[in-house]
Amino acid sequence: MPVLNEARHLADSVEMVLGQDWPGPLELVLALGPSTDGTGEIAARLAAADPRVRTVPNPSGRTPDGLNAAIAAASGDVIARVDAHAEIPTDYLSTAVATLEETGADNVGGIMDAVGVSPLERAIACAMKSPLGVGGARFHVGGGAGESDTVYLGVFRRAALERVGGYDPHFARAQDWEMNHRIRSSGGRVWFTPELVVTYRPRSSLRALADQYFNYGRWRRVVARLHRGTANVRYLAPPTMVAGTLAATAVGVVWRPAWVVPAGYAAAVTVGGWMISKGEEPAVRVRVPAAIATMHWSWGIGFITSPSSLSRGLPGEG
């Protein structure tokens, strides 16, 4: 569990891990970044209270560094990545291990079930669980069990992690997708199962959501530079929309019919957002279009403006 400024959630997350119905040995390794909210003190108390909890330092605070440090310190043949702000069900580990054994996969994951509390968080959750907001990835929208490009979090065979060298520390974001690509390229299998449902808490403001998806976009561009041919239609849709909408808006200054493009996008997001939020209260439904548009535009702009300097040091890059 990589941990940075998680004082609000850490104790609950640790309790969920230790409360698993898994019948075998269990250890939890917390990779502690340089938190400023008292997370370190909470982690120390949790480790002192239960010998199954250990801590390792993660001086950089970066997620891939923390994951690699925790993996190196762990002793099990199966490694489960968990996050301090996610909520895993009691049977998470037992279900995942059983699926690993049944399928022969190297990594198993399930559904990232976004659940909000405030009207805006619930609106963002609607957007995150709809193809209109995030495309058709099964770990977002659900679907049948089977092989997948990537999954949420992941329960791995240690041998697979060692075979590919763990997480690439270069990737501040998109490190999961990038490593799963290497697992698949090495002959391994990544398996999605809808039986694993993890509660995810979305961002609480549009500004925070925009920052999240902007960084997703810019780092997914770095993955595309390293692994040529991996930028499929789903990933290219947001930058294409951004470029096309901006171009049509500019053309509309001299040729007004071009404004049908931005108007059409706005109408699609508004109507679509209203439709995917059926059952929610009006205060949530009116916010869904803004959440969808924020995700689309932030991801697309991040992808388009991703600086080449982020690829510096990667194979084949300057």
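Helices (H or I, at least four residues) and strands (E, at least two) are DSSP runs, numbered from the N terminus. The model before you is predicted: local features need pLDDT of at least 70 and side-chain atom pairs pLDDT 80 or more, while totals for chains, interfaces and linings use all residues. Residues are numbered from 1 along each chain as its sequence is written, and side-chain values use heavy atoms, leaving out hydrogens and water.

I begin with the sheet. It is open and parallel, with three strands in the order β1-β2-β3; two strands count as paired if DSSP finds at least two bridges between them. β1 (2-3) and β3 (53-57) each have a single partner strand, so one side of each lacks a neighbour in the sheet. Between β1 and β2 (residues 28-32) there are two bridges, and valine 3 stands opposite leucine 32 in β2.

Two helices come next. Helix α1 (residues 10-18) packs on the sheet and touches β1, β2 and β3, contact being heavy atoms within 4.5 Å. Its direction makes about 155 degrees with that of β2; axes are lines fitted to C-alpha atoms, for helices over the stretch in contact, and angles run from 0 to 180 degrees between N-to-C directions. Helix α2 (residues 39-49) lies across β1, β2 and β3, at about 145 degrees to β3.

How many of the residues of β2 are buried? Five of its five are, buried meaning under 20% relative accessible area with a 1.4 Å probe and protein chains only. Leu28, Leu30 and Leu32 point one way, Val29 and Ala31 the other. In a regular strand, side chains alternate between the two faces of the sheet.

Terms used. Buried means under 20% relative accessible area, exposed over 50%, partly exposed in between (1.4 Å probe, protein chains only).
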